[in-house]
Amino acid sequence: MKRILILALSLCSMSAFAQQWGGGGQWGGGGGQWGGGGFNFGGEGSGNSGNIGDYQKKADIDYVGDNHVGHKMDVYFPKDDGKSTHPVLIHIYGSAWGSNNSKGSADLGTVGTAALGAGYILVTPNHRTYGDALYPAQINDIKAVVRYLRGNAQELGVDTSFIAVSGFSSGGHLASLMGVTRNVKDNYTVGSATMNIEGNLGRYTSESSWVDAVCDWSGPVDCRDKGCGNPIQMSPENDMVGGCDDRSCPDKHALLGANTFIDETDAPVFVAHGSSDNIVPQCEGKIFYDNLIKANVQDCEYHPHGGGHGVEGSLTGEMVTFLNKIKEKKAAAIAAAQESQSQGSEGGEGGDVSVDDILAFNNSICVDNDRLFLCNEGAEATGFNLSDVSGKILMVGTLDSKGVDISSLNQGVYFVRTNNGGSFKFIK
């Protein structure tokens, strides 16, 4: 009987079972019912193809500094290729958001070895469960991971120009959220619910949590869409927001769903989902992909396959191709900007272009006291337009360090697009 119950658990549907076993408390111990991987929630059950033991690692790094098991991560390093830095892929395990210690079973033999073999640093973080802390604690944790990597880039050999995030199952949900909230810096409000998606964990809050690309493997990216298929009817997402369903707490569930945050400034996403998935229906991934395309998010890919709920090992090559494509596109943009700046300066000597200025303009445009301005030292003035969420252009002009007055704008979400190709979203 126990075996049947375990195999029947759904990522987007589990509250009755959770109540029987005492709610979130049974799932937060780490590596137990949910996180160990053997039940096809942690990834090892979805098939390994390589030996992670061939790679050096630093284990149990405390990325927050509070010694919580849910705030430990492992960092694996590619084999020596003569380079001092390497791009990064963070991969988040699946656990129905119910394990705070499953980094050791985070699809290491599939996603892990593919990334390491391609020259990426692999980071596998733990995160807190909803038994440890309610949402948005889980996305706050992953944001803190990225900030830690940037704050310790020299020690870890991180190439901060490219940090991507991947995840299986509930990890795919968190990875997807990272991609669609990379421009969400302050509290985000939907109806009666307001949440701080970024959080303020750790010592490196001045660093950016920006990610450049996302890989979503069988993720319950928005459990409000689970009716599109035929998943088993249990609901861990209700426990994530305090024990209420999407009818009783629609605004909280909206803030939990990746589709809520989609706009054209989001990271490109690689979606892989199986037609035989009876835990999270394949159409949930397809709806997410379609919404990304409708919002004009560039370079997204959809990889449907015939498998069940798991990482499809045969697609890890396509994952690496996708990541390399986005990485090379960003490198080309950085090189072009540096060349343009060099040619435009006196004597042909141009200043360095920060990697965060290219495709990551949240660090170079600031909002403060009803003023929108360029906040990078030495940033050159650029033309811009400002629009609302409907696309209506409300302001056109030149943006510089002195800034423009936006005090007349009503509360809401706005987009800034600059003539040098930048985009920025802010909430007033």
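**Strands and cores in a predicted model**

Q: Quick one on this predicted model: what stands opposite valine 214?
A: Valine 269, in strand β9. The model is predicted, not experimental.

Q: How do the two strands run there, and how many bridges are there?
A: Strand β8, residues 213-217, pairs with β9 in the parallel sense. There are 4 bridges.

Q: What about β9 and β10?
A: Parallel again, over 5 bridges. β10 covers residues 301-305. Histidine 273 stands opposite proline 304 in β10.

Q: How does the chain get from β9 to β10?
A: Through helix α9, residues 282-294. The β-α-β crossover is right-handed.

Q: Is β9 buried or exposed, and which way do its side chains go?
A: Val269, Val271 and His273 point one way. Phe270, Ala272 and Gly274 point the other way. All are buried.

Q: Why call β9 largely enclosed?
A: Because 6 of the 6 residues in 269-274 are buried, the rest of the structure largely encloses this strand.

Q: Switching to cores. How many residues are in the largest nonpolar one?
A: 64 residues. Met73, Ile90, Val123 and Phe288 have the most contacts inside that core.

Q: Which helix gives the most to this core?
A: Helix α4, residues 137-151. Its share is 7 residues.

Q: What does isoleucine 90 touch?
A: Setting aside residues up to four places away in sequence, Ile90 touches Val123, Pro125, Val145, Val146, Leu149, Ile163, Ala164, Val165 and Ser166.

Q: Next, β6. Which side chains are buried?
A: Tyr188 and Val190, which point to one face.

Q: Last topic: what order do the strands take in the open sheet with β12?
A: β11-β12-β15, with antiparallel pairing. β11 (365-368) and β15 (404-405) are the edge strands, each pairing on one side only.

Q: How many bridges join β12 to β15?
A: 2 bridges. In β15, valine 404 is the bridge partner of leucine 372.

Terms used. Residues are numbered from 1 along each chain as its sequence is written. This is a predicted model: local features need pLDDT of at least 70, side-chain atom pairs count only at pLDDT 80 or more; totals for chains, interfaces and linings use all residues. Side-chain values use heavy atoms; hydrogens and water are left out. Two strands pair if DSSP finds at least two bridges between them. Buried means under 20% relative accessible area, exposed over 50%, partly exposed in between (1.4 Å probe, protein chains only). A crossover is right-handed if, with the strands pointing away from the viewer, the path from the first strand over the helix to the second runs clockwise. A nonpolar core is a set of buried Ala, Val, Leu, Ile, Met, Phe, Trp, Tyr and Cys residues joined through side-chain atoms within 4.5 Å. Contact means heavy atoms within 4.5 Å.
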